[in-house]
Amino acid sequence: MTITATPISKQFTGNQVVSLDTIPLSNVEVTRDSFKGKIDPDWCPGCGDFGVLTAMQKALSELGKQPHQVITISGIGCSSNLPGFINTYGMHTLHGRALAVATGMKMANHEMTVMVTGGDGDGFGIGGNHLMHTMRRNVDLTYVVMDNQIYGLTTGQTSPTSRLGHQTKSTPEGNIENPINPVPLAMVGGATFVARAFSGQQAHLVDILKQAINHTGFSIVDVFSPCVTYNKDNTYKWFKSRVRKLEDENHDPTDFHAALDKGYEWGEEIPIGVFWKREDLPALHQLEPVLDEGGPLAYRNLGLSKEQSDQLMSEMM
Amino acid sequence: MTKPQNVSVDNKRTVDFAVAIGGAAGQGIATPGNILARIFARRGLHLNAYNAYQSLIRGGHTFLTIRASDAPVLNMGDALDVMVALNQDTMDRHLGIMPVGSSVIYDEAKITPNDTPDGVQLCPLPIKELVGRNKLAANTVAVAVVLNMLGIELDDLADALERIFSRKGAEVVESNREIAERGYEYAAANFDAFTFAAPRLSKGLAVVTGNEAAGMGALAAGVKFYAAYPMSPSTGVLMYIAQHARKLGVMVRQVEDEIGVMNMVVGAAHAGCRAMTATSGGGFALMTEAVGMSGMLETPVVCIDVQRAGPATGVPTKTEQGDLWQILGAGQGDYPKFVVAPRSQADIFNTIPELFNLTDCYQCPGLMLTDLLISEGTATVDPDELDWQPNINRGEMIFPNGDVNANDNPYGGYNDDAYLRYENTESGISPRAVPGVPGHIHVAASDEHDEDGTLISDEFTNPHKRRMMVEKRARKMETSIDAVEPPQLIGVSDAVATLVGFGSTWGVNVEAIEKLESVDEIIVNQLHIKWIVPFHVDVVTSILESSNKIIIVENNYSGQFARYLRSETGIKADAFIRKYDGEPFMPHHIVDGVKAILGGETELYVPTHEIMV
């Protein structure tokens with residue numbers, strides 16, 4: 001089957017604003033299956049990432065999103081293969097760079113719902129610099145980190161979230177470096193929605209993802225997603241006996257200092273849930289006057305009018 | 001040492017003069033430089049200005065050369081006619097190179113000339129008396145004196161002062177105007193004017209740097225997303241676009257590093273924007289993995305590498321053509337790309353829309369190689385040379401156009417399987433749907449992928465599919481050679497030698513060839529290469545096979561272009577003229593090199609830069 005591409009000049013005439021909202025939708029009802037990808041996941045049986053994928057599909061369908069209005073952008077790693085397993089637009093980018101690519105995507109088409117997926121190595125290791133700046137910019141992305149505290153795709157080396165003493169193939173005598181705690185890191189870095197969840201608690205994860213997607217601004221959900229093959233320390237059982245829902249203890253997610261204290265709690269009990277959120281800060285695309293009207297940048301007409309170019313030329317004369 | 005002279009070889013050229021202003025960074029050299037350049041250009045004079053400066057904000061030595069003529073000026077030239085010395089250091093460095101008939105302007109209270117060469121007119125100015133209480137106006141006096149000696153009416157300066165100082169209020173404008181008048185009259189009474197007068201031509205010209213030209217070209221091409229990290233000498237592009245972005249609906253982002261820049265540009269380009277960045281070699285080094293991703297995703301991006309002297313931090317404020325192999329080898333693996341090296345500011349402007357059309361049509365990265373010389377260097381451009389409404393061809397793209405009807409569109413509903421983003425077409429070019437179009441959902445993957453975007457790199461690895469996709473991407477470029485203009489021989493075909501260069505050496509080679517003919521009666525021609533990838537192997541080979549002597553001129557140590565030429569054509573050049581001291585070639589450097597080579601003295605000529613900047 002061949003597709004005839006329409007030259008852009010024929011697509012955009014005059015000052016017509018093209019917006020996702022003006023595109024006719026299919027009559028097909030959106031269900032969880034609408035978000036089922038072309039191929040089945042190639043993760044190890046029992047991998048925590050299955051639960052995250054399912055929860056994302058549920059969250060998106062329950063929110064009534066249309067698959068073509070969503071793009072899932074990942075870096076590199078086991079969990080970063082996720083875009084191939086979900087029926088949304090997708091990008092499988094470079095190791096650590098998903099947030100930078102996603103920022104370009106979101107700013108070029110701010111009407112798309114942009115999901116970013118990846119692992120702890122991708123986001124907190126090689127991609128750490130982009131994470132810091134994406135948070136402070138408050139880019140309207142939903143960042144789902146499948147945190148398994150190990151480098152899985154490279155067959156089991158230490159990661160930035162590996163606990164002290166963790167024996168891995170690159171730390172056979174035990175890890176001597178302090179791990180990153182993503183929750184306080186994200187709070188201090190300027191993320192406006194910070195949550196932690198557990199792949200083994202599906203309903204709770206779906207609820208948190210829905211809140212994160214609905215949040216306008218940078219939301220990060222650090223999901224414990226056990227690596228059943230290479231991390232024998234942080235298993236389903238290990239997490240199941242420790243996680244404790246913040247929702248059950250009247251935590252106020254608008255109390256920054258309380259949230260920070262909760263974020264640091266780590267031991268026999270580990271809190272999960274929405275730690276921190278603030279709604280008062282506009283997201284980057286809302287601050288950008290270029291996006292005030294005219295629809296997504298990506299759909300706009302190209303080129304300058306004679307009047308515009310005459311003005312530019314006159315400045316040089 | 002004999003001092004080189006500017007030689008008027010073009011019959012239409014009646015004047016050809018160069019003004020230099022030297023001082024410490026922070027002494028305000030840019031303002032008088034801009035005033036002079038604008039005055040010359042408004043009179044219709046062509047000019048070329050080069051600022052030799054150092055990587056510091058205050059102090060050091062900065063030396064701006066503005067060469068003007070009533071015919072096109074393609075480089076800074078060989079000699080100065082006027083030098084304005086703003087400090088003793090400038091006087092000490094450059095008085096010795098001033099030729100017979102030239103003049104040197106300076107503040108007599110602060111600067112002392114030593115060992116003045118014969119035939120140089122010293123023009124000491126009583127700056128304190130002339131400026132009165134407006135101590136900031138010393139440079140205004142110097143400009144007025146220069147204009148008087150060039151026979152340019154004071155009214156031109158008054159207009160320029162009005163434009164430049166109007167922001168600071170009428171009082172400042174008036175004070176500068178009065179001071180200019182006093183300087184102008186003082187020069188008339190005390191100094192000899194030049195034997196020529198700068199003419200006024202019918203048509204005014206525009207004054208642009210190459211970086212501004214790149215920004216202008218990007219706007220004309222429809223760039224909607226520009227991201228960058230500041231890096232000399234490319235920052236001018238960011239500043240130009242940022243200044244005009246809001247009004248023209250362009251998004252500009254300053255990113256945390258060049259890795260982020262290129263990844264962001266790829267993201268915006270994938271969304272459907274024309275997206276661009278500019279950097280220099282160090283920044284480009286950080287971008288290269290994502291440039292390769294642009295090749296793998298088949299997402300078109302444009303990046304300019306404004307070369308400076310490397311490696312590492314190198315010499316941030318000095319020019320070089322040392323990144324050719326970096327650009328050629330950017331990113332791991334095989335992937336198609338365009339590499340173009342424009343020859344001038346106007347060429348940069350007009351090439352950017354062309355490069356965007358090519359990258360959109362062929363769905364791959366487009367890389368532009370310029371250098372500090374032409375990107376920070378200023379030149380006049382005839383406004384008619386610039387095509388502000390270029391043809392925009394986005395190739396095979398699928399946008400949401402409001403016509404997508406779920407009932408009768410084969411890609412309606414959620415039947416995304418019908419669309420193959422990486423369809424293995426005969427041309428290798430697969431129609432590109434941007435995100436947001438119903439029925440065209442796909443994954444753009446930096447892992448090797450199947451026609452529908454499915455990753456085949458891990459579990460599904462399949463050598464036949466991998467080969468198919470490698471060949472599909474490569475096949476796209478088979479027709480690309482016909483899409484770019486072949487190089488042409490400049491000059492007569494039976495010359496004794498052919499100068500071969502790429503990018504910014506075009507202008508200096510043109511003038512060197514004119515000089516060789518008019519002064520030494522040596523006939524040399526030039527083959528200038530603009531399109532590096534794809535490379536017109538057949539055209540270049542046929543031209544060079546009939547050359548009597550191939551001399552490659554390039555601004556680097558190892559002969560990067562010579563090696564590239566040999567790798568593509570098998571042609572080994574006969575001789576080489578190279579420069580790698582951070583400063584650009586001057587015409588006489590090429591002239592001397594050609595003569596030394598033709599005289600059998602050497603096969604590799606490396607000129608010594610006489611101006612200590």
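What covers the buried residues of α5(A)? The answer draws on both chains of a predicted model, in which local features need pLDDT of at least 70 and side-chain atom pairs count only at pLDDT 80 or more, while totals for chains, interfaces and linings use all residues. Residues are numbered from 1 along each chain as its sequence is written, and chains are lettered from A and ligands numbered from 1 in the order in which they are written.

In helix α5 (residues 128-137) of chain A, the buried residues are A:H130, A:L131, A:T134, A:M135 and A:R137, where buried means that 20 or more other C-beta atoms, placed from the backbone, lie within 10 Å of the residue's own. Helices here are DSSP runs (H or I, at least four residues), and strands are runs of E of at least two, numbered from the N terminus. Because these buried residues fall within an arc of 165° seen down the axis of α5(A), they line one face of the helix; the arc is that of the directions from the helix axis to the C-beta atoms. The cover includes α9 of chain B, and, from chain A, the helices below.

| Helix of chain A | Residues |
|---|---|
| α3 | 98-108 |
| α4 | 120-126 |
| α6 | 182-189 |
| α10 | 284-287 |

The contact between the chains takes 76 residues from chain B and 65 residues from chain A, two residues being in contact if their C-beta atoms, placed from the backbone, lie within 7 Å. On the side of chain B, helix α9 (residues 258-271) gives the largest share, 10 residues.

Methods. A residue is buried if 20 or more other C-beta atoms lie within 10 Å of its own, exposed if 12 or fewer, and partly exposed in between; C-beta atoms are placed from the backbone.
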